[in-house]
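Subject: Structure handover

Hello,

Here is the structure for you to look at. My notes on it follow below.

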Amino acid sequence: MRGYRVELGEIEAALSQHPGIDQAVCVGSAADEPVLLAYYTCKAPSMPGQDELRQLLAQHLPAHMMPSRLIELAALPLSPNGKIDRKALAKPPAVAVDEPAAIHALSTDERLVANVWSAVLGVRVEQPQANFFDLGGDSLKAVQVTARLRLHAGDALPLRALFQHATLEAYAAVLPRYRGSVSALLEHFPAVGAKAEMAPLTQAQRRLWLVDQLVGERAVYNIPLVFACRGRLDLAALEAALRQVMGRQRMLSAHVVMYDGEPHQTYSHDHLVPVRRLSLREGLSGKQDELQRRQEIERHILAEVQLPFELEAGPLIRLSVLEVADEHAYIVAVLHHLIADAWSVAMLRGEIAAQYRAAIEGTAAPAAPLDVEYFDYAIWQQQYLTVQALQGSYAYWQDRLQGGLPPLPLGRGTPGHATRAEAIVRSLHLDQAALQALKTLAHEHQVTLFTVLLSAFKVTLYALSRQADIWIGTGVANRAHPGMEPIVGLFVNTLVFRSQLQPGASFGMTMAAVHEQVTAAQEHQHVPFEELVRIANPARVGRDRPLFHALFELHNAPNPSMTLPGLELEVVDISNGFAKYAISLQLQETPQGLRGVLETDARLCTAEETDALLARFQHIVQDVLRDTRLTLEQLAVTPPGASPEARHNRRQQRLSAAFSRSAGKVQVDGEQADGIRRSLLPGMTRLPLLFQLRGGNFALDKWIRAHRHDVDRELAQHGAILFRGFGIDSAAAMRGVAGALMEQILAENGEHVAVPDGGGVQTPVFYAPESKLLWHNENTFNDRWPRRILFACRRPAPSGGETPLVDSREVFNRLPPAIREAFVRKGVMYVRYYGQRLGLPWSKVFGSESREQVEAQCRAAGFRYQWLDDGSLRTMAVRPAVWRHPESGDWCWCNQAQHWHIACLDATTRAYIVAATEAARYPRACYFGDGTPIPDAVMQDILDVYAGLEVSFPWQQGDVLLVDNMLVAHGRNPYRGERELLVALGDTFRPDEPATAAV
């Protein structure tokens, strides 16, 4: 089914493992495009939910054997002889997915999401807790879901929202946050029935046309599709099927014409593509050796594949049948990339199969015409995909591609002895067990299989080249509107995923970073690759202007079956013999596991170097399946097959060396001509950096504005800067400094007290002077929080009252790996109770007596909420525990777990709360992001790390302390007497903005 071998008995056995299932039967549906149907009866009174059953099946079955539908029956139908009537089950009851009655107890937005998920995933979604990725979702399907929902919620809906809120309930809850008008980009998508007869070439097509004009190897963009066929093939039916499909997919009859001096495309109405028949019997008759016969067949297939097309003459598709013996032939279809991409080829397989079946059965009818055609899309692209319309995306790529492509010291680096772009091809196979292990790894780390494999490929290139700045290209379907999905044509776009790999980061952390980069790039996939080349302006190498080191693709486009009546078909993997890229790795899921092809340009890599690259990739995949805590450096230097003990010893040696290097103090002493001395405080090794006025009398805010770039750079390195000697001890002066350091000052954060007429300047939240306020990153439990915090000392306490600082980067590095990885994988769930006795009333916190308004605020902030029987409220939100700093690139332990976990309270307060109420009504509590408890011992380990890294200094009147809220956590020591500080918060950061979350 769909090209996979399916064992129905295995599905039935897996379903029967549930204790609530009485009988289970699995069949293939009797439809043009068969799907798997699983029927079951339940043991009274057990009624297992469908999501529960799907989770059970996912643990035991590969993805291609997951049933499309699970159908509960009171009893299974029986035939007259008493056996289960499987024929009756092959025709399932109709599912009215769009009917509100078909989906129970869902809100309007949840019903909308459920309908879209059902359509894209091909399964019925009905439970609020249903997880998109558990149901078979991947990055391509996520793009399809986002495209559909943008038509309802507006195009502000980001792709990353689905990755961050993977359950139906959570995803639907964020829709109102992004709901708005649809941009002109989608609003002006081609109208139904436009049916243009001529169109300009799209930018991708234009590039291929130019290659055809300039390059001798004109078959380099030929796409082959080859099947070994056993059985009686009806050539007349095959021709009729192709004719019907070409009538529907008019792009198959397109060719290039010149119009006003520019290349355009038009249709050839008189082109019929006959099936070319070629007998190989005579050439094979004298060859008894099987290897010789196979080589002769492959030679003829390759000759068909490498025959160039004439783009101006057309047609740009041909179909040949190579006859080997009676009822044994090879079907060879070849298309030029100008008219199709991988998605298109997969669709054509299904459409041709359906039309061939209809011709054989005598039920052929004209294929339904498309509502929108490729020419309409080409005109829309030219008119609406402009720099102005894509201004934000152009800005993103200009930032990502800054600095240009660095050299990759791998292979020759420049063309060698081969004069043509010949390909060195190596096959790759990871068995089904390895594939399932990779999928499990992806699920545990909340990323996709694509991300896992892409990360392993990047690490492989780093291991062989020691280049940390890795640029990988990949093709994306780029069908960002549902109307594009059924069209044959060249939609695919190439994106560039750039990673600045960190040798000391674990593979788990690297996957999280790569996942963020992939998601961000996909948000901006409308910008054509040709524009990326223009933006980056890479150096020319021969005729090429490479923009990435290697190509990586995991093919997951829709892949309908190619089953023809009376025939056994087997896909024949064959390359066109030409290397389009220096290095490319293309992978695909199959019933036997993960199969793929590594291809290198013979001008750049030798056969031995290609073999070494493939071997290293396979070994790295094996290593990370054993332990994702391995750092990139360990993966890079560990020889293939090294023992875990050897790996551990090398790790310990590197840690010791790293500790020795970090023991020295940072040297930053120096006095500038402006009279400001830069240094570290006595006894400090990294923070805070001190800017001390040694003479003169000038305004700090004006000095900062003149030296803002230097201040920002030092803040990214040190995390905190102390300005001393400038006399900032009033709200007005504080406001001026804050305005110079922050793009935006937050008026309030719900906890601090605003200074009257302070322009955003506030005083810290009250906390008992005799108690220590633990270290924290301000407001990181919220959906938005300040990136910068500014403190000013109006009056230091006579004793104590310091503001201790802890470097979040060092916390991340020093935590036990098991703790760090658990938080990275799961995040932190913050739970808050708003009651009358313990905790503030919700009406006071939210500033409203209206439940509807409170619920709206919760939804906007990404909080789940629950009203309790006594009218009190409980809210929950899952946030990342670890972030990657957008400027420095460092990983930071950045959360408020120690402020919310009851184990971190002092003994008296904890005993009072435990005695006063149940755990569900603690004023504040936190758990792992999946709802499991965080053990007290784990929190104690975290507190110990903080305590060991804490630094502090006595406040002096007029001091100003600038803190990067991601790089540095702060607290407050107990004090006696009077103490007055001012605070300003600024530069709001949202967790769904690009770049940095590690969960």
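The model is a predicted one. Glu327 sits in the loop between S9 and strand S10 (328-336), and its phi is near 55 degrees, which is positive although the residue is not glycine. Asn478 is another non-glycine residue with a positive phi, near 60 degrees. Its loop runs between strand S12 (469-476) and strand S13 (493-500). With a relative accessible area of 8%, Asn478 is buried. As background, most residues other than glycine have a negative phi, and most peptide bonds are trans.

Two cis peptide bonds also belong here. One runs from Gly314 to Pro315, with omega near -10 degrees. Pro315 is placed in the loop between helix H12 (290-305) and strand S9 (317-325). The other joins Leu687 and Pro688, with omega at about -5 degrees. Pro688 lies in the loop between strand S19 (676-680) and strand S20 (689-693).

**The chain as a whole**

The chain has 999 residues, of which 54% are buried. Its secondary structure comes to 32 helices and 37 strands. Of the contacts with a separation of 6 or more, 75% are between residues 24 or more positions apart.

**Helix packing**

I looked at two helix pairs. Two packed helices are described by the angle between their axes and the distance between the axes.

Helix H17 (residues 449-465) packs on helix H18 (residues 507-523) at an angle of about 110 degrees, and the axes are 9 Å apart. Angles of 65 to 115 degrees count as roughly perpendicular, so H17 is roughly perpendicular to H18. The crossing of this pair, H17 and H18, is right-handed. On the H17 side, the residues in contact include Phe450, Val452, Leu454 and Lys458. On the H18 side, they include Phe507, Met511, Val514 and His515.

Helix H16 (residues 432-444) and H20 cross at roughly 55 degrees, and their axes come within 10 Å. That angle makes H16 oblique to H20. The crossing of H16 and H20 is left-handed. Ala434, Ala437, Leu438 and Leu441 from H16 meet Val621, Val624 and Leu625 from H20.

H20 spans residues 607-626 and also holds Thr610. Thr610 has 0% relative accessibility, so it counts as buried. Its side chain makes a polar contact of 2.7 Å with the side chain of Thr600. Leaving out residues up to four places away in sequence, Thr610 touches Ile424, Arg426, Leu598, Thr600 and Cys605.

**Helix H29**

Which residues of H29 are buried? In this helix (residues 851-860) they are Val854, Glu855 and Cys858. Seen down the axis of H29, these buried residues fall within an arc of 100 degrees, so they line one face of the helix. An α-helix has 3.6 residues a turn, so residues three or four places apart point the same way. The buried residues of H29 pack against helix H28 (842-846), strand S29 (864-867) and strand S30 (873-879). Just after H29, Gly862 takes a positive phi of about 75 degrees.

**Three further residues**

Gln898 is in helix H30 (residues 897-900). Its relative accessible area is 3%, so Gln898 is buried. A polar atom of the Gln898 side chain lies 2.7 Å from the backbone oxygen of Trp775. Apart from neighbours within four places in sequence, Gln898 is in contact with Leu774, Trp775, His776, Cys904, Met939, Leu943 and Tyr946.

Asn115 is in helix H4 (residues 108-121). It is buried, because its relative accessible area is 16% and the cut-off for buried is under 20%. Asn115 and Glu126 are 11 residues apart in sequence, and their C-alpha atoms are 9.0 Å apart.

Lys43 lies in the loop between strand S2 (36-42) and helix H2 (50-60). At 40% relative accessibility, Lys43 counts as partly exposed. Lys43 and Pro19 are 24 residues apart in sequence, with 8.2 Å from C-alpha to C-alpha. Not counting residues up to four places away in sequence, Lys43 touches Pro19, Gly20, Ile21 and Asp22.

Regards

Methods. Residues numbered from 1 in each chain as written. Predicted model: local features only at pLDDT ≥ 70, side-chain atom pairs only at ≥ 80, totals over all residues. Heavy atoms only, no water. Helix = DSSP H or I, 4+ residues; strand = E, 2+ residues; numbered from the N terminus. Buried < 20%, exposed > 50% of the residue type's maximum accessible area, 1.4 Å probe, protein only. Contact = heavy atoms within 4.5 Å. Polar contact = N/O pair within 3.5 Å; in protein donor to acceptor, adjacent residues only side chain to side chain. Arc of directions from axis to C-beta. Axes fitted to C-alpha atoms, helices over the stretch in contact; angles between N-to-C directions. Parallel < 35°, antiparallel > 145°, perpendicular 65-115°, else oblique. Left-handed = near helix turned anticlockwise from the far one by under 90°.
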